[in-house]
Amino acid sequence: MTLLQVMADGAAADVRLRTDNPAEIETELAGRGIRFDRWPAQPGRTATASAAEILDAYGDRISALNAGGRYRVIDVARLHPDDQDPGWAATAKAARDTFRSEHRHAEDEVRFFAAGRGCFYLHLPGEVVAVVCEEGDLLSVPAATRHWFDMGERPDFVAIRFFEQQGGWIGDFTGDPIATRFPTLDELVAA
Ligand SMILES: [Fe+2]
């Protein structure tokens, strides 16, 4: 379920809006200068598809988004639970912790979820806007916007990433522990 939850930045319990209506989510985010779009899911392009298959399946949409040649690197990031791997839990935790601290980037952070889910938290003036993205969701976190990302206790997602520069994913961490005061992806979805 794609979900938007807007909270006061000084009090997570002060929930100002919670909606799973895609049109309302798009409108609310657009009003804040944040691009959100939904692309029709491609049948069969599930978690088992290869990166090349996923990029091919969404090729027309990717080409349209990148018509101006803005994005020089377009790739696929993914994580899936593997309980056969004794190191999985540590790998998942390390991946999760990396981006669950507030940071910002020099370029827009553009992600399309081909499968699974994850939550972006945008720290805007006076509020934190949490967006749980699922299959078919495209979100662009504007450059220099404070934010963090939670992939949950059992990370499971396939996301297409669009970068203007090599290393565009590198974060400038603010050191603000604000992420610890807000509900996790799993808590948001279960609420
Ligand atoms: Fe980021």
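1. Gly118 is buried, because 25 other C-beta atoms lie within 10 Å. Here a residue counts as buried if 20 or more other C-beta atoms lie within 10 Å of its own, as exposed if 12 or fewer do, and as partly exposed in between, with C-beta atoms placed from the backbone. The model is a predicted one: local features need pLDDT of at least 70, side-chain atom pairs count only at pLDDT 80 or more, and totals for chains, interfaces and linings use all residues. Residues are numbered from 1 along each chain as its sequence is written.

2. Gly118 lies in strand β6; helices (H or I, at least four residues) and strands (E, at least two) are DSSP runs, numbered from the N terminus. Leaving aside neighbours within four places in sequence, Gly118 is in contact with Cys133, Phe149, Asp150, Met151, Phe157 and Leu185. Contact requires that the C-beta atoms of two residues, placed from the backbone, lie within 7 Å. Trp88 is 30 residues from Gly118 along the chain, and their C-alpha atoms are separated by 18 Å.

3. The largest nonpolar core has 38 residues, of which Ala114, Cys119, Phe120, Tyr121, Ala130, Val131 and Val132 touch the most other members. Such a core is a set of buried Ala, Val, Leu, Ile, Met, Phe, Trp, Tyr and Cys residues joined through C-beta atoms within 7 Å. Among the elements that each supply at least two residues are β1 (3-8), α4 (88-99), β7 (127-134) and α5 (185-190). The largest share, eight residues, comes from β6. In soluble globular proteins, nonpolar side chains tend to be buried together.

4. Cys119, a member of this core, is in contact with Ala130, Val131, Val132, Phe149, Asp150, Leu185 and Leu188, leaving aside its neighbours within four places in sequence.

5. An unreviewed UniProt entry carries the annotation "binding site" for His103, His105, Glu109 and His147. These residues are spread over 45 residues of sequence but cluster in space, with a largest C-alpha distance of 11.4 Å. UniProt positions are given in the numbering used here, feature names are shortened, and annotations may be inferred rather than shown by experiment.

6. His103, in strand β5 (residues 103-104), counts as buried because it has 21 C-beta neighbours inside 10 Å. Apart from neighbours within four places in sequence, His103 is in contact with Trp148, Gly171, Asp172, Phe173 and Thr174.

7. His147 is found in strand β9 and counts as buried, with 24 C-beta neighbours inside 10 Å. Not counting residues up to four places away in sequence, His147 touches Glu102, Arg104, Phe120, Tyr121, Leu122, His123 and Val141.
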